[in-house]
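I opened my notebook to get to know a new structure. Here is what I looked up, entry by entry.

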Amino acid sequence: MKNLLNLLVVFLVACSPAQERIENKLTQCSYHSFEDGGAQFQELMLDYENLLIKEGLLMDKSGASYRRMLSQLSEGNNVKGKALYSFIEQWSGLEKREEFDMQNCIQQILSDSTQYKSHTYLKFQATMEKEVTLFGDFQPELLATKMLGILSAKDLELDFYKFRVFFLLDMAFTKNKLP
């Protein structure tokens with residue numbers, strides 16, 4: 001009887017669909033909003049990541065390296081780059097599809113959020129919205145600290161969170177009048 005119960009549990013686990021992370025679905029919305037399906041966006045992210053490695057801000061492409069960089073930023077350490085360009089300016093210059101309704105894509109995914117692993121995303125969004133609303137003024141060190149409290153190294157391997165780290169760095173460089 002016990003063996004039959006164990007077999008049933010193994011069968012149910014093996015046959016149940018693995019839940020995809022909601023961040024990956026939302027990133028797909030972002031990719032689809034570009035004329036080329038996000039190829040240039042992905043290339044831009046890869047190029048910027050490589051630049052951060054070259055400049056010594058990241059040791060490598062791992063989530064642990066992103067956590068180290070966020071930790072330095074949260075401690076107020078100078079994480080300035082020597083020749084960093086504005087990631088956000090480059091990103092906003094990519095050609096987007098006019099007929100694609102990004103908000104609708106996102107809303108569809110969020111309305112079906114029970115189909116996805118969304119705990120980290122929901123906690124991240126709520127925290128970031130709260131911090132920006134509370135302080136009004138952009139404080140990169142505080143946001144980096146909050147990110148570290150929510151995101152694991154594995155989370156920081158997702159393009160969804162890498163994009164947000166790049167945005168945070170861009171804003172920190174601008175705030176500190178760094179290159």
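**Layout.** I began by reading along the sequence, where the protein chain follows the pattern α-β-α-α-α-α-α-β-α-α-α. That gives nine helices and two strands, taken as DSSP runs numbered from the N terminus (helices H or I, at least four residues; strands E, at least two).

**Ground rules.** I noted that this is a predicted model, in which local features need pLDDT of at least 70 and side-chain atom pairs count only at pLDDT 80 or more, while totals for chains, interfaces and linings use all residues. Residues are numbered from 1 along each chain as its sequence is written, and side-chain values use heavy atoms, with hydrogens and water left out.

**Inside.** I looked up burial next: 38% of the 179 residues in the protein chain are buried (under 20% relative accessible area; exposed is over 50%, partly exposed in between; 1.4 Å probe, protein chains only). The largest nonpolar core has 45 residues, and Leu 52 and Phe 87 have the most contacts inside it. Such a core is a set of buried Ala, Val, Leu, Ile, Met, Phe, Trp, Tyr and Cys residues joined through side-chain atoms within 4.5 Å. Helix 9 gives the largest share of this core, nine residues.

**Salt bridges.** How many salt bridges does a search of the whole structure find? I found three, each a side-chain nitrogen of Lys or Arg within 4 Å of a carboxyl oxygen of Asp or Glu. Arg 21, Glu 23 and Asp 155 are linked in a network. In the bridge from Arg 21 to Asp 155, the closest N and O atoms are 2.8 Å apart. Arg 21 lies in strand 1 (residues 20–21) and Asp 155 in the loop between helix 8 and helix 9, so this pair ties together parts that are 134 residues apart in sequence. Arg 21 also bridges to Glu 23, again with a closest N to O distance of 2.8 Å. I checked burial here too: Arg 21 counts as buried at 18% relative accessibility, Glu 23 at 1% and Asp 155 at 6%.

Lys 162 and Glu 49 meet in another salt bridge (2.8 Å, N to O). Lys 162 is in helix 9 and Glu 49 in helix 3, so they tie together parts 113 residues apart in sequence. Lys 162 is buried at 9% relative accessibility, and Glu 49 at 4%.

**A buried proline.** Last, I visited Pro 140 in helix 8, which is buried with a relative accessible area of 1%. Pro 140 and Phe 173 are 33 residues apart in sequence and 9.4 Å apart in space, C-alpha to C-alpha.
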